[in-house]
Amino acid sequence: MADRDKDIAATEDTKQVSAAARLFDVRRVIGGLFVVYGIVVTLVGIFDSQSEIDKAQGVRINLWAGLGMLVLGLLFLLWQWLRPAEAPTAPADEPADAGGGSTTAEQ
Amino acid sequence: MRTLAESLRLNLDALDYAIIGLYFAVVLGVGFAARRAIKTSVDFFLSGRSMPAWVTGLAFISANLGALEILGMAANGAQYGLLTVHYYWIGAVPAMVFLGIFMMPFYYGSKVRSVPEFLRLRFNRPTQFVNALSFAVAQVLIAGVNLFALALVVRALLGWPLWVAIVLGAAIVLAYITLGGLSSAIYNEVLQFFVILAGLIPVTVIGLVKVGGWHGLVDAVRGTSLGDSALHTWSNTGSSDNPLGANWLGIVFGLGFVLSFGYWTTNFAEVQRALSAKNMSAARRTPIIAAYPKLLIPAVTVIPGLVALVTVKGLGADKGDLTYNNAIPALIRDLLPNGVLGIAVTGLLASFMAGMAANVSGFNTVFTYDLWQEYFKKDRPDEYYLRVGRIVTVIGVIIGIGTAFIAAGFNNIMNYIQALFALFNAPLFGTFLVGMLWKRMTAWAGFFGLVIGTLGALITYVLYKVGVVKFGSDLDESFWGAAIAFILVVITAAVVTPFTEPKPESELRGLVRGIGKADLNEGAVAGDRAWYRSPVLLGAIVVVLAAAFYLPFI
């Protein structure tokens with residue numbers, strides 16, 4: 001394999017000290033931001049004046065967009081709560097011939 | 001002097017600014033939080049190869065979803081109509097699937113840290129050098145284009161002076177990449193993906209309501225100068241007598257094959273996202289997961305482009321605020337009330353930063369690993385290269401600011417970008433494809449193929465620009481320039497190989513089809529065996545969907 005290459009091997013060797021496992025879960029950020037956006041824009045939508053609704057061609061767009069963002073944000077938080085991040089180092093039991101087409105693709 | 005009716009100036013209120021401000025705070029917060037996860041150069045340049053597939057997949061699409069792409073595709077929608085979907089359905093999806101299924105085992109399996117590094121292993125150092133240098137130059141150029149376009153839009157929408165927007169935009173991207181490296185770029189790209197959509201969907205929905213739904217839009221477009229031919233994707237491509245100015249051969253071979261495969265499979269700014277995935281399965285699924293949103297994005301770019309064409313008076317001006325590129329900003333102005341207005345502007349700003357961050361994170365990696373480590377300071381400890389990466393990020397952004405003004409003077413920015421792709425990517429793809437399929441191709445055949453192909457594309461472009469060679473349109477030129485470059489690579493490889501020394505097979509293991517086998521289960525986790533995580537199945541489904549999407553619009 002190509003990882004006999006000196007530069008690549010040196011970089012691969014640093015894996016033991018990698019701090020990547022300390023990375024946080026991005027779902028929390030997406031969920032948090034969209035929940036805030038959702039609440040704010042929904043509130044704006046509830047109190048929208050007629051002129052604002054007219055500008056949006058009669059659609060209560062702030063209300064709908066706000067609710068949509070709120071749902072998206074909550075879904076991300078729910079997803080994170082139900083399925084926390086997988087532990088990164090759990091190899092499959094028998095990797096040799098697992099999983100049909102995807103794993104036996106011709107090289 | 002601009003009159004009031006033509007101005008794109010938006011009436012943002014305090015709430016809209018608060019929405020924008022919150023977004024920037026979160027983006028910087030991600031940078032600070034990601035900093036804890038960086039100890040080695042791989043952490044900085046490749047996220048420690050730890051990312052799950054859905055994250056790398058969305059980052060993959062987001063890296064391509066820069067504002068240039070969004071505004072450019074809406075502009076194309078207004079100029080070429082539904083023919084613009086060729087850029088997505090034939091011009092992206094098949095290449096993304098090909099990257100995931102066939103090329104990723106070579107890229108990820110060989111543990112290379114960049115695309116130019118693959119060229120070093122498969123061919124030789126000169127090939128790596130040519131590609132690393134041209135890539136680095138292209139990335140800072142395109143980062144500059146992104147920055148300039150950002151400044152133009154911010155000036156038009158918010159009234160800020162150009163330099164304020166350029167410096168502020170550059171400073172934010174610089175801060176979060178220098179702090180958190182690729183992890184921070186990728187996380188912000190995933191966030192940007194959703195914010196961009198949250199901005200574009202309301203514009204599209206209200207736009208459609210305004211023109212009386214899809215049928216209203218179709219009727220209105222028939223009445224414009226574009227006419228009925230803008231509503232078909234293939235039926236007028238027997239000749240180049242259609243809005244796109246390209247025939248089916250140019251679309252299929254030039255755009256669908258050479259141009260698109262060149263961009264998606266060898267552009268390190270994209271491939272880097274997949275290299276940061278946590279195992280082989282996730283790396284292979286990265287571009288394929290990205291292909292699904294790519295199928296649907298024309299709904300929020302091409303449709304607004306057409307809505308703007310029929311509702312925005314004066315759109316299509318040669319200069320000023322009402323060029324085609326401002327189709328979406330004009331709709332935002334006309335249709336969105338405060339609240340979603342703030343979200344939409346945030347989405348636009350986010351997409352500018354997504355595009356630029358992808359350029360910068362690709363640039364710093366290639367510069368550090370392929371130029372600095374190879375040619376200037378070899379064999380230093382890993383911390384040294386991590387530090388170089390951070391410094392190079394700063395330098396790259398500063399050069400990007402400097403080149404921001406090169407972008408001036410081009411009416412349709414997208415064509416300019418396409419011209420760059422044609423020059424760099426198509427010959428690169430040709431070199432990769434032949435090199436991965438034909439084990440006897442020699443190192444020097446790779447080098448000369450790449451150089452001659454690039455020169456071929458360059459000469460075609462120059463001859464077209466000075467009027468010696470005629471093409472249907474700029475786009476038609478970029479299709480054919482790419483195709484010519486590709487063919488030149490193949491011919492050069494065939495001619496040079498017999499006269500030069502082949503590489504021993506032992507050095508080609510895992511790099512060429514038929515020599516060694518990449519471990520497709522490398523680092524697999526239990527869940528990767530599920531059918532819905534099979535790259536081949538997911539890829540096949542998205543290709544079939546892309547073909548099916550054409551059916552209503554033949």
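**Exercise 1.** Work out how helices α19(B) and α20(B) are arranged relative to each other.

*Solution.* Start with the geometry: helix α19 (residues 443–465) of chain B and helix α20 (residues 474–496) of chain B pack at an angle of about 150°, and their axes are 8 Å apart. (Helices are DSSP runs of H or I with at least four residues, numbered from the N terminus; axes are lines fitted to C-alpha atoms, for helices over the stretch in contact, and angles run from 0 to 180 degrees between N-to-C directions.) Next, the cut-offs: angles under 35 degrees count as roughly parallel, over 145 as roughly antiparallel, 65 to 115 as roughly perpendicular, and the rest as oblique. So α19(B) and α20(B) are roughly antiparallel to each other. Last, look at who is touching: the contact of α19(B) with α20(B) has 17 nonpolar, seven polar and one charged residues. (Ala, Val, Leu, Ile, Met, Phe, Trp, Tyr, Cys and Pro count as nonpolar, Asp, Glu, Lys and Arg as charged, and the others, Gly among them, as polar; two residues are in contact if their C-beta atoms, placed from the backbone, lie within 7 Å.)

A quick note before you go on: this is a predicted model, where local features need pLDDT of at least 70, side-chain atom pairs count only at pLDDT 80 or more, and totals for chains, interfaces and linings use all residues. Residues are numbered from 1 along each chain as its sequence is written, while chains are lettered from A and ligands numbered from 1 in the order in which they are written.

**Exercise 2.** Describe the side of chain A that touches chain B.

*Solution.* First the count: 51 residues of chain A are in contact with 65 residues of chain B. Then the helices: α1 (6–13), α2 (26–46), α3 (50–55) and α4 (61–82) of chain A each supply at least two residues of that side. The largest share, ten residues, comes from α2(A). Finally, the classes on the chain A side are 30 nonpolar, twelve polar and nine charged.
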